[in-house]
Amino acid sequence: MNVIITFGTFDVFHIGHLRILQRARQLGERLIVGISSDALNIQKKGRKPVYNQNERMDIVAGLKCVDSVFLEESLEKKADYIRQYSADTLVMGDDWAERFDSLSYLCEVVYFPRTPSISTTSIIEVVKKY
């Protein structure tokens, strides 16, 4: 069975999130998604997510293209997560290009282009204006 793994915050879920997850799922039979913990999101982005980690996990787990989710607590544990879930392929957005190439000894590493003109940060900024 070809297992795909990906990671993200998935805060203020939008079409870009859906597209990357659907494309990732097309690469294999199972898609496992690591959802960044609230603490990890603060560390990465300097802010709390709009939706807490349990809500974000529920949202992503409810998608038909996703087979299971887990809480990602550290960027440094990606290799451990890949081993734990026996992943064959790691999929990330191209904003992380080359960042995880060092994991290619464990699995194939694929970077997908992000959906143009959409980001959680830009959505939050628009909402703040209203």
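1. Let's start with N41, which touches T9, G46, R47, K48 and P49, leaving aside residues up to four places away in sequence; a contact here means heavy atoms within 4.5 Å. N41 lies in helix α2, and at 0% relative accessibility N41 counts as buried. Buried means under 20% relative accessible area, exposed means over 50%, and partly exposed is in between (1.4 Å probe, protein chains only). Helices (H or I, at least four residues) and strands (E, at least two) are DSSP runs, numbered from the N terminus.

2. A quick word on what you're looking at. This is a predicted model, in which local features need pLDDT of at least 70 and side-chain atom pairs count only at pLDDT 80 or more, while totals for chains, interfaces and linings use all residues. Residues are numbered from 1 along each chain as its sequence is written, and side-chain values use heavy atoms, with hydrogens and water left out.

3. Back to helix α2, where I42 also lies. Is I42 buried, exposed or partly exposed? With 39% relative accessibility, I42 counts as partly exposed. I42 touches R47 and K48, again not counting residues up to four places away in sequence.

4. Now look at S37, in the loop between β2 and α2 (38–45). S37 counts as buried, at 5% relative accessibility. A polar atom of the S37 side chain lies 3.0 Å from the backbone nitrogen of L40. Beyond four places in sequence, S37 touches Q53, R56, L71, E72 and E73.

5. Zooming out, the chain has five helices and five strands. Read from the N terminus on, the elements go β-α-β-α-α-β-α-β-β-α. Of the 130 residues in the chain, 44% are buried. Among contacts with a separation of 6 or more, 63% come from residues 24 or more positions apart. The chain exposes about 7300 Å², with carbon and sulfur atoms supplying 49% of it; accessible areas come from the Shrake-Rupley method with a 1.4 Å probe, and for residues only the protein chains shown count as cover.

6. Which residues touch the most other members of the largest nonpolar core? Of its 16 residues, they are L21, L31, V33, V60 and V66. The elements giving two or more residues to this core are α1 (15–25), β2 (30–36), α3 (53–61) and β5 (108–112). A nonpolar core, by the way, is a set of buried Ala, Val, Leu, Ile, Met, Phe, Trp, Tyr and Cys residues joined through side-chain atoms within 4.5 Å. Take V60 as an example: V60 touches F10, F13, L21, V33, I35, V66 and V69, not counting residues up to four places away in sequence. There is also a second, separate core of 15 residues, including F70, A87, F100 and L103.

7. On to the aromatic rings. Rings of Phe, Tyr and Trp (its six-membered ring) pair if their centres lie within 6.5 Å; planes under 30 degrees apart count as stacked, over 60 as edge-to-face and the rest as tilted. By this rule the count comes to five aromatic pairs. F7 and Y81 have ring centres 5.9 Å apart and planes at 45 degrees, so they are a tilted pair. This pair links distant parts of the chain, with F7 in strand β1 (residues 3–8) and Y81 in helix α4 (residues 78–84), 74 residues apart. F7 is buried at a relative accessible area of 6%, and Y81 is buried at 8%. W96 and F100 also form a tilted pair, because their ring centres are 5.6 Å apart and their planes at 35 degrees. One aromatic cluster is formed by F7, F70, Y81 and Y85.

8. The charged end of K78 sits over the ring of F7, 4.0 Å from its centre. R23 lies over the face of F112, at 3.9 Å from the ring centre.

9. Last, check some backbone angles. Most residues other than glycine have a negative phi. V12, however, has a positive phi near 45 degrees; V12 lies in the loop between β1 and α1 and is buried, with a relative accessible area of 17%. E98 has a positive phi of about 75 degrees although it is not a glycine. E98 lies in the loop between β4 (89–93) and β5, and at 63% relative accessibility E98 counts as exposed.

Technical notes: A charge sits over a ring if NZ of Lys or CZ of Arg is within 6 Å of the ring centre and within 35 degrees of the ring normal. A polar contact is a pair of N or O atoms within 3.5 Å; within protein, one must be able to donate a hydrogen and the other to accept it, and residues adjacent in sequence count only if both atoms are side-chain atoms.
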